[in-house]
Amino acid sequence: MAISPFTAFILILTAIPFSQATLTADYYHQTCPQAENIIYQTVRNASIYDPKVPARLLRMFFHDCFIRGCDASLLLDSTVENKAEKDGPPNISVRSFYVIDDAKTKIEKACPHTVSCADVLAIAARDVVAMSQGPWWPVLKGRKDGRVSKANETINLPSPFSNTTTLIQSFAKRGLNVKDLVTLSGGHTLGFSHCSSFSARVHNSSDPSINSEFAMNLKKKCPKQNKDLNAGEFLDSTSSKFDNDYYKRITMGQGVFGSDQALYGDDRTKWIVDSFAKDEKLFFREFAAAMVKLGNVGVIEAGEIRVKCSVVN
């Protein structure tokens with residue numbers, strides 16, 4: 001019997017093991033039915049004003065979920081007593097927190113003390129993918145906001161210099177498998193990187209995995225004595241569109257990050273890269289499912305609903 005894509009996706013949703021809290025798609029159906037529309041409008045307006053917003057919010061969601069789970073701990077500001085995640089080295093370049101803060105302020109006016117910052121970020125991440133011509137999926141909701149955020153824990157974020165074995169181990173610690181790793185890496189389709197994350201690789205002639213012509217272009221953009229702090233490269237050639245071009249580029253030796261290109265040099269991941277490079281619809285289906293799975297990492301039941309995302313109540 002054939003199963004429709006929608007039915008298959010529902011099966012995926014019901015099969016996901018939850019953390020310490022059970023999430024549901026209609027969690028705010030009674031208490032704040034307008035929440036998703038408020039978030040969508042806020043994110044859409046911000047993205048029109050600044051085209052970098054989609055990539056930034058998607059990255060923000062990844063970085064939040066990978067440290068302490070999806071609890072909005074990345075949104076907390078540092079205090080005199082504590083240096084928070086957003087000031088950890090890998091997160092210095094995370095931007096556009098104001099978009100989440102703006103959406104949360106509007107939601108607080110409509111439905112006070114109801115919608116968590118963690119859920120606002122999860123919904124915003126879905127919206128930026130969908131409005132960039134990528135897939136849409138029902139976001140499971142009901143997360144609580146954490147009260148702990150430590151900059152030194154950001155050392156556990158995946159690095160653009162990591163090899164595939166290190167990446168697989170990092171994802172596995174969060175209940176994510178090899179396919180999830182390759183699928184979620186596809187979020188780089190909206191990405192941009194500054195030179196510091198890849199220049200050492202392109203100036204190292206001993207790296208056989210990088211296309212030589214592509215390496216020359218990157219060297220021109222990022223010379224050894226680069227003084228332009230804004231210099232860098234888009235992670236695929238259609239940087240404002242969510243598509244499978246990222247994977248096509250990897251198959252041609254044009255992955256910007258060493259960690260991205262490494263996916264094509266390992267038999268555990270190469271076949272998945274090939275599959276997504278050939279079939280964009282397959283990538284979209286898998287990405288939607290993987291984002292739901294990522295959104296369940298480390299979800300807590302004992303947290304709070306922050307009134308303002310940058311400070312604990």
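1. In this predicted model, the residues A35, I38, I39, T42, V43, A46 and S47 of helix α2 are buried. Seen down the axis of α2, these buried residues fall within an arc of 155°, so they line one face of the helix.

2. Helix α2 runs over residues 35-49, and at 1.5 Å a residue its 15 residues should span 21 Å; the C-alpha atoms at its ends are 22 Å apart, which agrees.

3. How far can the model be trusted along the chain? The average pLDDT of the protein is 91, and 93% of the residues score at least 70. Over residues 1-18, however, the pLDDT is below 50, although this stretch has 18 contacts in the model beyond near neighbours in sequence. Where pLDDT is low, the predicted coordinates should not be read in detail, and a reader new to the structure may wish to keep this in mind.

4. Which residues of the largest nonpolar core touch the most other members? They are M291 and L294, in a core that has 72 residues. The largest share of this core, ten residues, comes from α5. Leaving aside neighbours within four places in sequence, M291 is in contact with L58, F61, F62, A125, W137 and L184. There is also a second, separate core of twelve residues, which includes C195, A231, L235 and F257. As a general matter, nonpolar side chains in soluble globular proteins tend to be buried together.

5. The loop between α4 (97-110) and α5 (117-131) holds S116, and T114 has its place in the loop between α4 and α5 too. S116 is buried, with a relative accessible area of 0%. Not counting residues up to four places away in sequence, S116 touches Y28, R143, K144, D145 and I305, while its side chain reaches the backbone nitrogen of D119 at 3.1 Å. S116 and R174 are 58 residues apart in sequence and, from C-alpha to C-alpha, 22 Å apart in space.

6. The side chain of T114 reaches the backbone oxygen of P112 at 2.8 Å, and a polar atom of that side chain lies 3.4 Å from the backbone oxygen of C111. With residues up to four places away in sequence left out, T114 touches Y28, T31, C32, E108 and I305.

7. H113, which lies in the loop between α4 and α5, has a phi near 55°, a positive value in a residue other than glycine. R68, which lies in the loop between α3 and α4, has a phi near 65°, again a positive value in a residue other than glycine.

8. Are these two residues buried or exposed? H113 counts as exposed, at 55% relative accessibility, because the cut-off for exposed is over 50%. R68 is partly exposed, because its relative accessible area of 37% falls between the cut-offs of 20% and 50%.

Conventions: Residues numbered from 1 in each chain as written. Predicted model: local features only at pLDDT ≥ 70, side-chain atom pairs only at ≥ 80, totals over all residues. Heavy atoms only, no water. Helix = DSSP H or I, 4+ residues; strand = E, 2+ residues; numbered from the N terminus. Buried < 20%, exposed > 50% of the residue type's maximum accessible area, 1.4 Å probe, protein only. Contact = heavy atoms within 4.5 Å. Polar contact = N/O pair within 3.5 Å; in protein donor to acceptor, adjacent residues only side chain to side chain. Expected span 1.5 Å × (residues − 1). Arc of directions from axis to C-beta. Core = buried A, V, L, I, M, F, W, Y, C linked by side-chain atoms within 4.5 Å. pLDDT = per-residue confidence, 0-100.
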